Amino acid sequence: AKLQCNRTRTNGAGCRRVNRAQHVQQRRFAATRGSPQNDKLTQNAIRFAKKNQVSVTEFAKSPDRGFWSDLFKDKDDPMTAGKKVLFLTHSKGNFIRPCPSTKLKLCCNLHNIDIGSNCPFDCTYCILNSYLNFLPITMYTNLDQLAQQIDAQYADQFLRVSPGNLTDSLGLDHILNYSTEVMRIAERFPNVLIEFKTKSDFVDN
């Protein structure tokens, strides 16, 4: 596997930069009971929560959209309030999907790894503010299925892929250590090129 990291340094109008301290301040973690607790990403998040005194809530099953809507609807800024909750769960679909390209345009054949949805950054110009109303930051932690999908569908072809279509590739890497796990999987596949694209400075891994 090859690694490519594009780091966007933006202080432009409408983009509120978030430093490491702000990522911890007033953040809450939530996880679905049963399945995610044993995976590495959830363990990483729980260790981070204990170290930084972040509260953790466990659900017997995944809350529906109405639950999150009710939780944030009375907030002055529901979208920003949702960014203070990190919800860990398992993806029920494929991790890798072709990048949605514009009709009648030549596609670059980039694929996305759907690692989650919503973003820790609060950029007012971002389309996610309209597309993901009243949702917490959701991250999928069952990365074993990522390896299975690459092996089953892409083992014999070049795959250029970027983690994060509806979120920042490395925005929560200091909490979940996501990039290390993705690269550990990708090392098994010499045909895979990984591109991490971020507005953060969480590039230590």
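1. The largest pocket is lined by 23 residues, and those nearest its centre are Cys126, Leu128, Asn165, Thr167 and Asp168. A pocket here is an open set of points on a 1 Å grid over the protein atoms alone, with protein on both sides within 12 Å along at least five of seven lines, and a lining residue has an atom within 4 Å of a point. This is a predicted model, in which local features need pLDDT of at least 70 and side-chain atom pairs count only at pLDDT 80 or more, while totals for chains, interfaces and linings use all residues. Residues are numbered from 1 along each chain as its sequence is written, and side-chain values use heavy atoms, with hydrogens and water left out.

2. The space in this largest pocket comes to about 480 Å³, a volume being the space filled by probe spheres set on the grid points, which are joined across faces, edges and corners.

3. At least two residues of the lining of the largest pocket come from each of helix 5 (128-131), strand 9 (159-163) and strand 10 (192-198); helices (H or I, at least four residues) and strands (E, at least two) are DSSP runs, numbered from the N terminus.

4. Strand 9 and strand 10 run parallel and are joined by three bridges, where pairing requires that DSSP finds at least two bridges between two strands. Val161 has Ile194 of strand 10 as its bridge partner.

5. Strand 10 is largely enclosed by the rest of the structure, because six of its seven residues are buried, that is, under 20% relative accessible area with a 1.4 Å probe and protein chains only.

Definitions and conventions. 1 Å grid on protein atoms, 1.4 Å probe; cavity = no way out; pocket = protein on both sides within 12 Å on 5 of 7 lines; lining within 4 Å. Buried < 20%, exposed > 50% of the residue type's maximum accessible area, 1.4 Å probe, protein only.
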